[in-house]
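Please consult the sequence and the model alongside them.

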Amino acid sequence: MELWILFGSFVTLLMIGTPVAFCLGVASFLTVLYMGLPPVVVFQRLNSGISVFALIAIPFFIFAGDLMVRGDIARRLVALAGAMVGHMRGGLGQVNIMASLMFGGVSGSAAADASAVGGLMVPQMKARGYDVDYAVNITVVSSIIALMIPPSHNMIIYSIAAGGRLSIADLFTAGIIPGLLLAVSLMVTAWWVARRKGYPTEPFPGLRMLGALFVSAMPGLILIAIIFGGVRSGWFTASESSNVAVVYALLVTALVYRSLPWSEFVEATKGAVRTTAMVLLVIGCAACFGWLLAYLRVPTQLVEILQSVSSNPIVILLMINIVLLILGTFMDMSPLIVITTPIFLPVATAFGVDPVHFGVIMILNLGIGLCTPPVGAVLFVGCAVGRISIWQAMRTIWPFYGAAFATLMLVTYVPALSLWLPSVFR
Amino acid sequence: EITLRSSDTHPDGYPTVEGVKAMAEEVREKTDGRICIEVFPSSQLGEEKDTIEQTQFGVIDMVRASFGSFNDIVPVTQIMSLPYLFTSVEHSHAVLDGPIGEEIAAAFEERDLVALAWYDGGARSFYNSQRPIQSIADLEGMKFRVMQNDVFVDMMDALGANATPMPYGEVYSSIQTGVIDGAENNFPSYDSSGHAEVAKYFTLDEHLIVPELVAMSKTSWDKLTPEDQAILREAAQNSSTLQRELWAAQEQESLDKVTAAGAEVITEIDKTPFIEAMVPVYDKYVTTPENKDLVERIRATQ
Amino acid sequence: MREGMIRFATLTGAVAQAALWLAGIGLVLMTAFVFAQVFFRYVMGSSLFWAEPAAVMLMGWFIFLGAAVGVKEGYHLSFDVGLMVVPESWRPWFHSLSDVVVTAFGFGMAWFGWQLAARAASGVVPGIGISRLWDFAPLIGGGILLMLFSVERILRRAAGLKTMRFGDMDDAADGVVDGAPGAVRADDLLDGKAARPRERT
Ligand code: NA
Ligand code: NA
């Protein structure tokens, strides 16, 4: 009965259009009332859920991303990507993916990536005769790369959800090869679609121009080196690297590029506050929801059910992936990480899956969920940038979903893709 | 039929979890299954401070937590968490199993918590990646991760080392990359966290021997009949004996494991200079006559 | 009613702007604190103990302030499928019901936040040395603002004014519709004011 109230009120509130955070919080509140427990516990969980030091990485990476978009770092990275891969088949599509790869090295947010890279690329692609849905599809799906390439604050959320004992540096490193693999598979797909549709290529601007663009984008690229090198050589911890990214982005945009007037700085700050508050309120309310699930012993029962279905790790991993994909279509990434990690991680480890490997699977899987309706933050951003409806994007997005899913399966069943690189650094 | 929910931050199989499970088994037998204690391990219901609050509210019925987490709620536990107060784990047993233990239990009762059993949390010691620490001089200038607590920060100051607060999950890579030189914990955690891989010098200085306890919510306790209360108390006492044995065994096992893996454990150190260096810390935190008396009595207990 | 409501909306608009500025200052201060921590540890060789707890407390403030403003500006993530399948005339009722739910949650945050604060007040936040009351103060402040802004939404709707929802803005992140020329500030969409074009720089 308790579970019916919890999930019933959650879905009902979701259906009447209540913001997701409040659906989670109010559903927990109602269930606690029904069970006759003191309701104060809901607000204790909410407050504790967000009072976690490692969560500071989220506002900082979002803030850094906003500063980079407004302060010209993102545009220069896109220009460099254009010179590098624009001459390939489906040129600007390839540029879009390459730009996501580069921007992903400085930002950990797929939504920031879609609005930054999409905001710059989609209008250009439209002007060069690409179909808008193609431009939007590439923008949306390639943003998942930003989640995989370090830094990624979702890896930090996962590490916290896993009990705070996983090395964030290892998780960061583990995402690199899967992120590159995803980029390659999307580039191949973009090439294949472009060839069928006869999309144009861009002329190669020449080595001289490439060099000039490289120099111009250098400060942005250096940030990638600072973040990764700094974490790996002990200047700062992984969650502190987010802070260094903000300070560095401020220095570069204000002093080197001189492209960040006061008014833009204020807007970037307000924007970061808005996004952060939205994301972290969901995390806080998901903490109430997750607490109730634990209290009602849902994870334990689920483990028993899964174990009764099969004892084959391949089957279990496939089932977990499918459940996560389904959940991912309905809910956003960070609350799902917080809610499902305590449920699925014990199952996965019981079947011999490394927790770091499982983290990579989970981030990639839920990243796909960000690009699927009905709840897909990145898909919404992409459609808003391209001014098309979700259904218009959905008609032609399938090859890109396919590429992302194929990558997910490879990453799931070839642990070395995730675990080899961290072992090299160890 | 009564179900009691008990929270623990440690994973299944850990001595504290096994202790409460043993208690649950004994209670189930003696009440013919009328009272069932369910243990929620691995911080499923929250961190220690949160689950203590939940127990006070009566949201959950039992909690296993360290004295350190009660410092804000039951002030006397602050005294019991001072560095180098207990000279050995046996000393802490002698104190808690005697009249002082009863005084402390009474202090818990005032805050809606019924102390059922004292458990062992082992002794915390320093480990680092740089050099074997034999004396205070060896600690000079080293950076250690400590828990976010003013007492520990002052303790590190008094020893001439730098206290660095940071989330537990970042300690491994921070030692590995040199953000910090080391951390401090007991053997089982030193082993299970993998920190032994990156910080191979362990010095058994036993600076913190902080007891733990199993406490029950006053609300849940008052709902039980006196007979059931007696059953619970006895089962809790028995589980305490078992938990202390399990803990000792776990410590030995972890010690063997880390030494086999190449960690260097320094056991023979003179603790006297360390204890003497704590005078300013005690001056700062032991201010009232009652607390001074308590410290005296603890030190006098054999 | 409409006139009075517009005056009220101007007032709450000022409160929201103030809350957003406070939250923004909190974010900038937090950036400074954590950077100071890194700087002191790595360059000066000593740690700042107050930086971490102070950053966590600031984060609490800007999350709850920002979340309350988010209710006013409608940038919280929500879900429209249920609204699409019902007749158009039902939708305002659903929106208002949803706002009532949020008001109630805001009340819970303030009321139970107060209980938690009262209980913890005698304790001290490690590292900063202030009362643990401040751990829960953001919950209380955010709860009160949440009630104010969600009640305003109900009143606005009753008065026939536009009430922002998720999806009215594009990425809801920066308040600017990205990408195309002639982009408009999302704030200007409020109250159905004439859309003022604004070029991205
Ligand atoms: Na990234
Ligand atoms: Na992209």
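Helices here are DSSP runs of at least four residues, numbered from the N terminus. The model discussed is a predicted one.

Q: Which helix holds both Asn96(A) and Ser100(A)?
A: These two residues are 4 residues apart, which is about one turn of the helix. The element that holds them spans residues 91-104 of chain A and is helix α6.

Q: Is Asn96(A) buried or exposed?
A: A residue is buried when its relative accessible area is under 20%. The relative accessibility of Asn96(A) is 0%, so Asn96(A) counts as buried. Ser100(A) also has 0% relative accessibility and therefore counts as buried.

Q: Which are the edge strands of the open sheet in chain B?
A: The sheet has 5 strands with mixed pairing, in the order β2-β1-β3-β10-β4. An edge strand pairs on one side only, and this applies to β2 (35-40) and β4 (113-119) of chain B.

Q: In which sense do strands β3 and β10 of chain B pair?
A: Strand β3 covers residues 62-66 and strand β10 covers residues 212-217, with 5 bridges between them. Within this pair, Val63(B) stands opposite Ala215(B). The sense of the pairing is antiparallel.

Q: What angle does the direction of helix α12 of chain B make with that of β4(B)?
A: Helix α12 (residues 226-260) packs on the sheet and touches β1, β2, β4 and β10 of chain B. Its direction makes an angle with that of β4(B) of about 30°.

How values were computed. Residues numbered from 1 in each chain as written. Chains lettered and ligands numbered in written order. Predicted model: local features only at pLDDT ≥ 70, side-chain atom pairs only at ≥ 80, totals over all residues. Heavy atoms only, no water. Buried < 20%, exposed > 50% of the residue type's maximum accessible area, 1.4 Å probe, protein only. Pairing = 2+ DSSP bridges. Contact = heavy atoms within 4.5 Å. Axes fitted to C-alpha atoms, helices over the stretch in contact; angles between N-to-C directions.
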